[in-house]
Amino acid sequence: MAVAFDEMNGPGGDLRPAYRELSRWLKETPPDALEYRRQEAELLFRRIGITFAVYGDAEAQERLIPFDVIPRIISSKEWTLLEKGLKQRVRALNMFLRDIYHGRDILRANIIPDDLIFQNPVFRPEMNGQSVPHDVYVHIAGIDIVRVDADNFIVLEDNARTPSGVSYMLENREIMMRLFPDLFARHRVAPVERYPDELLSALRSVAPLSASAEPTVALMTPGVYNSAYYEHSFLADKLGIELVEGRDLVVKNDEVFMRTTEGLKRVDVIYRRVDDDFLDPLTFRPDSALGVPGLMSAYAAGNITLANAVGTGIADDKAIYSYMPEVVKFYLGEEPILKNVQTWRCREPKDLAYVLDNLGDLVVKEVHGSGGYGMLIGPAATKATIEAFRDKLKREPEGFIAQPTLALSTCPTCTASGLAPRHVDLRPFVLTGSQHVTIVPGGLTRVALKEGSLVVNSSQGGGTKDTWILDE
């Protein structure tokens with residue numbers, strides 16, 4: 001595996017300009033003072049109660065995501081490029097989704113194989129021919145970005161269904177400002193606090209035509225047992241909108257209402273953090289207690305906007321991901337600004353043969369996997385694990401893709417033995433409204449806290465950092 005790019009010290013050990021002030025500050029700050037503030041940060045997170053649940057982990061029902069107090073710093077020049085590339089990609093994703101559920105030009109052009117769409121469990125035939133307000137399918141996208149050198153940011157995956165983690169971006173910043181005002185004073189850091197306002201304005205902008213002048217937005221949660229419930233209540237609070245569960249909503253004459261103490265009130269836009277399968281027991285899973293009977297008929301009638309739209313899971317699919325460079329060129333006639341990771345599609349015999357021969361060097365992922373579950377990191381796996389995975393791959397090759405093991409860039413991180421480099425990725429949040437695409441300067445930096453580990457997912461022991469975009 002290649003040597004990881006050090007974001008602070010660069011390839012030759014030369015301090016990179018964005019980190020100059022931080023480096024100076026670290027030299028002036030005694031290690032025990034840093035450790036004291038690190039503990040203070042942990043205390044604040046505990047008090048606020050930012051936790052997430054780990055599925056299938058009986059002991060730790062609610063865990064704190066570890067927070068690292070050393071910020072990750074990105075120059076404004078780097079951010080400008082990243083922002084351009086993200087906007088381009090999300091525009092293409094929205095055009096792709098509209099096309100897949102309407103004219104299907106991309107299939108007719110033989111760019112993506114038909115069966116990859118139609119036999120895909122997350123393709124929603126119910127959305128065929130259905131228009132969505134302003135043709136926006138993905139109102140909130142979380143695009144996972146990794147860095148391998150000074151010049152290239154690479155997209156690792158597209159989260160187009162219900163991306164989570166933005167509450168950490170906002171809370172991390174608040175805590176850093178409270179604990180490190182001296183470090184902030186030395187930098188011009190672009191603000192992230194306007195995210196809730198940007199999100200609310202994007203959601204209101206896509207309200208149905210039949211909505212009132214001040215559209216009513218609500219956030220729909222599966223409820224307190226969901227792993228991201230803290231984020232749902234946090235965002236509803238920040239946006240000043242109602243947090244509702246399926247049982248709080250009712251559909252009458254193809255319109256959606258929420259029960260309030262003053263009676264029923266019409267809802268125009270639902271920011272839903274509930275998966276497609278559970279949205280409406282009359283259309284999808286009949287056993288779902290989380291959904292709203294009739295919601296899909298109100299949606300078909302054009303009386304409610306769902307953000308994100310139903311059927312966006314097809315854009316999350318990791319086999320579809322491998323076609324994104326072609327998707328960008330097809331719809332926008334432009335070269336992709338952000339590159340993809342080289343990807344082998346195990347559904348293709350030639351690719352499968354290569355992957356089976358090189359399992360020890362590759363990362364193999366489920367096409368619908370998330371949260372770092374169900375994947376194989378070849379270089380870190382035991383022989384037995386690799387052999388078990390080999391059988392799985394032979395049994396259902398179409399369920400997997402493979403990629404080279406990337407040397408994710410590193411940032412300085414607090415460890416038990418002092419500051420040390422740890423691997424990071426970045427999830428910026430891209431908002432699409434009726435008029436424009438906006439990205440708050442920053443995102444969620446996730447950090448693999450175990451030495452040498454490349455897995456940044458919180459469910460697998462990763463932590464987070466505040467992400468500073470310098471406003472030069």
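I began with the pairing rule, under which two strands pair if DSSP finds at least two bridges between them, and with the element rule, under which helices (H or I, at least four residues) and strands (E, at least two) are DSSP runs numbered from the N terminus. The model is a predicted one, in which local features need pLDDT of at least 70 and side-chain atom pairs count only at pLDDT 80 or more, while totals for chains, interfaces and linings use all residues. I kept to numbering from 1 along each chain as its sequence is written, and to side-chain values that use heavy atoms, with hydrogens and water left out.

**Entry: the open sheet.** I looked up W344 and found that it stands opposite A402 in β17. Strand β17 (residues 400-404) pairs with β14 over 2 bridges in the antiparallel sense. I then followed the whole sheet, which is open and has 4 strands in the order β14-β17-β15-β16, with antiparallel pairing. Because β14 (344-345) and β16 (376-377) each have a single partner strand, they stand at the edges and one side of each is left without a neighbour in the sheet.

**Entry: strand β23.** With strand β3 (residues 67-74) it pairs in the parallel sense over 5 bridges, and with strand β22 (residues 444-447) in the antiparallel sense over 3 bridges.

**Entry: two helices.** I looked at helix α13 (residues 349-357) and helix α14 (residues 383-395), whose axes (lines fitted to C-alpha atoms over the stretch in contact, with angles from 0 to 180 degrees between N-to-C directions) come within 11 Å and cross at roughly 170 degrees. The two are therefore roughly antiparallel, a label for angles over 145 degrees. Their contact (heavy atoms within 4.5 Å) is made by L352, V355 and L356 of α13 and by R390, L393 and K394 of α14.

**Entry: cysteines.** I searched for disulfides, meaning pairs of cysteine sulfur atoms within 2.5 Å, and the count came to 0. C411 is in none, as its nearest cysteine sulfur, that of C414, is 12 Å away. C411 is buried at a relative accessible area of 0%, and C346 is buried at 1%.

Notes. Buried means under 20% relative accessible area, exposed over 50%, partly exposed in between (1.4 Å probe, protein chains only). Angles under 35 degrees count as roughly parallel, over 145 as roughly antiparallel, 65 to 115 as roughly perpendicular and the rest as oblique.
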